Amino acid sequence: MDMSQYLEIFIEESKEHLQGLNENLLQLENEPENMAILNEIFRVAHTLKGMSGTMGFTRMQKLTHNMENVLSEIRNGHIRANSNLLDTLFKCLDALENYVNEIVNTGSEGTEEYNDILIELGEILSRNSETIEDKNKENFVDTSSTSDINVSNSDISNIALTEFENNAVESAIARNFNVYEIAVFLNKSCVLKSARAFIVFRTLENYGEIIKAIPKVEDIEDEKFEFEFTVVVISKESKEAIKKGLLNIAEVEDIIIKNVVPQNNPSSLTDNISGNVIHENLIPKNTIQDTIYEEDSEVSKYSGNKSKPKAGKTVRVDIDRLDTLMNLVSELIIVKTRLEGIDGENNSQNYNEAVEYLERITTNIHDAVMKVRMVPVERVFNRFPRMIRDLSRKLNKDIELTMSGEETELDRTVIDEIGDPLIHLLRNAADHGLETTEERIRKGKEKTGHIYLRAYQDGNNVIIEVEDDGNGIDTKKVLNKAIEKGTVSPELAANLSEQEIIELLFKPSFSTSDNISDISGRGVGLDVVKTKIEALGGDIEVKTTLGKGSKFIICLPLTLAIIQALMVKVGEEKYAIPLNTIQNIEDVKVSDIQYVQKQEVIVLRNQVIPIVRLDKVLDVQQSNQTDVITVVIVKKGEKQAGFVVDGLIGQQEIVIKSLGKYLSGIRMIAGATILGDGEVALILDINTLV
Amino acid sequence: MENISMAESKQYVVFKLGNEEYGIDIQKVQIIERIQNITRVPKSPYFIKGVINLRGEIIPVMSLRSKFGLEEDEYNDETRIIIVGIEDNKIGMIVDQVKEVLQIPSEAIENVQGFTSDINFNFIQGVGKVNGHIVTLLNLKNIIDSTV
C-alpha cells in the first residue's frame with residue numbers, strides 16, 4: 001500500500017485548494033455576509049480534511065477538522081466573521097501551507113501540532129458552546145462520545161498466538177508494556193478498505209508495535225477482508241488513548257480492545273496488566289523495537305519506509321501546447337526524410353526549399369517549447385493580497401492593492417526567482433512609501449493608500465510595475481544619507497542629477513528608513529533586488545515624484561535560454577550583443593570623436609554618447625585604424641554607450657550557455673554560445689559595459 | 001582480475017609536460033580530446049586559455065604549463081586536452097602528450113616533503129616510482145581550486 005504515487009497529486013491539489021482558500025478568505029473579509037464565499041471556504045476545508053485524512057496526515061486532518069467546526073458555526077450564523085476571526089483562519093492557512101511544504105520537502109507532515117491555533121479555534125467555538133453538539137455528528141466521531149471504555153479483566157483476549165508471538169508478548173509484559181488485541185470495524189460504506197486499514201496501521205505505529213494481524217497483512221492489502229480486522233499491538237498507551245486515536249480516523253466505525261496475556265500462564269499476569277495502564281509514555285517508542293522481533297516480515301513494511309521521495313519541480317502544461325509540440329516534431333521528421341532523399345546534383349532548388357522548411361519548423365518548435373515553460377505571473381501575484389492585508393493591519397495603514405495583468409506569462413525560472421524582489425518592493429511601498437493614515441488626511445490625500453501591481457508584455461519583454469501613491473522618494477534625504485554612509489563623497493554629491501541620486505538607492509546596504517522595522521529596512525536593501533533582477537537578465541528603474549508617489553519598473557526578458565543577438569567582430573574574435581539592447585548602428589568618422597575629460601564621446605542627434613573601445617576593454621590585439629569606425633549604440637535603462645566594433649556579421653538566434661563556475665567571476669561576459677560551425681562565441685554583458 | 005592482490009593501488013593517466021611526466025587519478029578524468037580551437041575569454045586568469053565546445057557544453061581550458069610557470073605551449077599533433085571533472089565542474093587541461101595509464105601501488109608513492117621544485121607543493125600529491133621512471137602525481141583539487 002504505497003501512498004507515494006498519490007503524493008504528487010495530493011501536493012498539487014492541496015496547493016490549489018490552499019490558494020483558493022486564501023482568495024476566498026480575503027473576499028470574506030470584505031463581504032462577511034456572503035454565503036456563497038462561505039460555502040466555498042467550507043467546501044475547500046472539507047476537501048482538504050478528506051484528502052489529508054486519506055493520505056494519513058493526521059495532524060493536518062485535525063487542524064482542518066477544527067477549522068471546519070468554526071466555519072460551520074459561521075455558516076450557521078452563530079459566529080460573525082470579523083477581522084480577528086479571520087486572523088485565526090489565516091493562521092490556520094499558514095499552518096496548512098507549512099504542512100504541505102513539509103510534505104513537499106520530506107514526504108511527511110512533520111511533528112508541529114500548532115496547538116496555539118487549535119486552542120484559538122477552540123476558544124472561538126466555546127464562546128458558542130451550546131451549538132457544538134450537533135456538529136460532531138457530521139463526520140467524525142467525537143472523542144467525548146467514546147468514554148464508555150471497559151478496563152475490566154473480563155475481556156481478556158483469547159486470540160491464538162504462535163510460540164514466537166507468545167514470547168514477544170511475554171517479554172513485553174515483563175517490561176511493563178501493555179499488549180492489546182484490537183478489533184477494527186470499518187464503516188460498511190467504506191470504498192477504499194485497504195487504504196483505511198493502512199491508516200489504522202500507521203496510527204497504531206504511533207502508539208506502539210504491531211506484532212500480528214488477522215487476516216494477514218498481505219490479505220488486508222489486497223482487500224481480502226470484510227469490514228473488520230484484528231491486530232495485536234504492544235504499547236505503553238492506555239486502551240482509551242488508542243481507542244480515541246483510532247476512532248478519529250474517518251470511516252472507522254467501532255474499536256474493541258482486549259488485553260492479551262501469554263497463553264501458558266494467563267492468570268498470574270492479569271493483575272499486573274491492569275496496573276500498568278498508568279505508566280504511559282515513560283519509555284520512548286524506539287526502545288520497544290529492539291525487544292520485539294517480527295515474525296511477519298510484511299508488518300515491517302509499515303515502519304521501515306521512512307525515506308519518502310521528495311516532490312520534483314513540475315510545470316502544469318496545457319495539453320494543446322504539447323499537441324503543437326508533437327505536431328512540430330512530426331514535421332521535423334518529414335523534413336529530415338526529405339533531406340535524406342536529396343542526393344547531390346540538380347537539386348539545389350529542392351534543397352533550399354527543404355532548408356527553409358526546416359528553418360520555419362525550428363522557429364516554431366522553439367516558440368512551442370518556450371510556451372510550455374511559460375507560467376502566468378498569477379503564480380507569484382496570488383500571495384500578495386494576503387501579504388498586503390497583513391501589512392495593512394500590522395502597520396495600521398489603510399492599504400488597497402490593485403493588481404492587473406496576472407495572466408501575463410513568464411518563463412518558469414523567472415517566476416521562481418521574481419517573488420522575493422517583488423515582496424521586497426511591495427513591503428517598501430507599504431512601509432516607507434505610503435504615509436500613515438493621519439499624515440494622509442493632513443495632506444488632504446485619500447485616506448486609503450493605494451499600491452498598484454501591474455504586469456504586461458512589451459515586445460520581447462515583460463514589464464512589472466510596483467506603484468504607490470505615497471510620499472515618493474525624498475532625494476535630499478537620500479543624498480544626505482548617502483554622504484553620511486560614505487556611499488558618495490560630498491563633492492561628487494553636489495553634481496548628481498535627480499535620477500543619479502535615486503540610483504544611489506540601489507547601492508549596497510543603503511536603507512533610508514529612519515527607524516528599522518521588521519517589515520522592511522533590515523539593511524538588505526534594493527541592491528539585492530537589483531542584483532537578482534539583473535541576474536535574470538532584467539533591469540529595474542524608478543520614477544518618483546515627491547509627495548505623489550513612486551513607481552518601480554522591472555523589465556524582464558520573456559525567455560532566458562534563447563535570444564536574438566547581433567554578431568560582431570572585434571579584431572579576429574566574434575562576440576554577440578543581445579539585440580534588445582541595441583538602439584542603432586552608426587558609421588562614425590574618427591575625426592568626429594570628441595573628448596570629455598579624456599573620455600571619448602560622439603554627439604548623435606544632440607545626445608552625447610560615450611564611446612567604448614571594445615578592442616581595448618576586451619584586450620583584443622589592436623586592429624588597423626580606419627577613418628570611419630562602426631559604432632553599435634546600446635541602451636541600458638537611461639544610459640547609452642557606443643561600442644566600437646571592427647565588423648558586423650549579422651543577426652542570429654543564439655542559445656545562451658553559462659561559462660561555468662571557474663569563469664563566473666568575469667563580469668564583462670554574460671555567457672557563451674555555440675555557433676553554427678561549432679565554435680564558441682562570447683556574449684557581452686551590457687549591464688557592466690555601459 | 002590479477003589486481004586483487006594490489007588493492008591499495010590506483011590507476012593514473014600519465015602525461016608529459018616538457019621532459020617531466022605527471023599523473024592524475026583516472027577516476028577524475030572524463031575524456032581526452034585532441035587540441036581544438038579555443039575561444040579566448042578576456043580578463044580571465046593568465047593560465048586560462050579560453051573555452052571550448054565539448055559536444056554542446058562550454059568547458060574552460062587551462063594551460064598546465066602556464067600554471068606551473070613553464071614556457072608557453074606549442075601545439076602539435078601530440079597535444080591533448082584532458083577534461084577532468086571535480087564536483088560537477090569540468091575543466092580542460094592542455095598537456096604536451098598523453099603517454100599511458102599506469103597502475104601505481106601506494107607503497108611506490110613517496111611524499112614530497114623536503115623536495116625542491118618550481119611547482120607549488122600544494123599541487124603535488126606525491127611522486128610515484130614505476131619501472132625506474134618517476135611520475136609526479138598531481139593534486140587536482142588544489143590545482144583547480146586555485147583557479148577559482
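I will begin with one residue: N606 of chain A sits in the loop between strands β16 and β17 (607–613) of that chain. N606(A) is not a glycine, yet its phi is positive, about 70 degrees. N606(A) counts as exposed, because it has 5 C-beta neighbours inside 10 Å. The cut-offs are these: buried takes 20 or more other C-beta atoms within 10 Å of the residue's own, exposed 12 or fewer, and partly exposed lies in between, with C-beta atoms placed from the backbone.

Before going on, this is a predicted model, in which local features need pLDDT of at least 70 and side-chain atom pairs count only at pLDDT 80 or more, while totals for chains, interfaces and linings use all residues. Residues are numbered from 1 along each chain as its sequence is written, and chains are lettered from A and ligands numbered from 1 in the order in which they are written.

A second residue of this kind is Q597(A), in the loop between β15 (594–596) and β16 (599–604) of chain A. Q597(A) is not a glycine either, and its phi is positive at about 50 degrees. With 5 other C-beta atoms within 10 Å, Q597(A) is exposed.

Now chain A as a whole. It has 25 helices and 22 strands. Of its 690 residues, 30% count as buried. Two residues are in contact if their C-beta atoms, placed from the backbone, lie within 7 Å. Among the contacts in chain A with a separation of 6 or more, 69% join residues 24 or more positions apart.

How far can the chain be trusted? pLDDT is the predictor's confidence in each residue, from 0 to 100. The mean pLDDT of chain A is 76, and 82% of its residues reach 70 or more. Over residues 265–310 of chain A, pLDDT stays under 50, and the model has 66 contacts for them beyond four places in sequence. Residues 515–524 of chain A are also below 50, with 17 contacts beyond near neighbours in sequence. Where pLDDT is low, the predicted coordinates should not be read in detail.

Next, helix α2 of chain A, residues 35–54. Its end C-alpha atoms are 28 Å apart, which agrees with the 28 Å that its 20 residues should span at 1.5 Å a residue. The expected span is 1.5 Å times one less than the number of residues. Which residues of α2(A) are buried? They are I37(A), L38(A), I41(A), V44(A), A45(A), L48(A), K49(A), S52(A) and G53(A). They lie on the same side of α2(A), because they cover an arc of only 165 degrees around the axis, taken from the directions from the helix axis to the C-beta atoms. M35(A) and A36(A), on the other side, are exposed. Just after α2(A), G56(A) has a positive phi of about 80 degrees.

A250(A) is in the loop between α10 (239–247) and β4 (252–259) of chain A.

Last, chain B. 18 of its residues are in contact with 19 residues of chain A. On the side of chain B that touches chain A, β4(B) gives the most, with 4 residues.

Technical notes: Helices (H or I, at least four residues) and strands (E, at least two) are DSSP runs, numbered from the N terminus.
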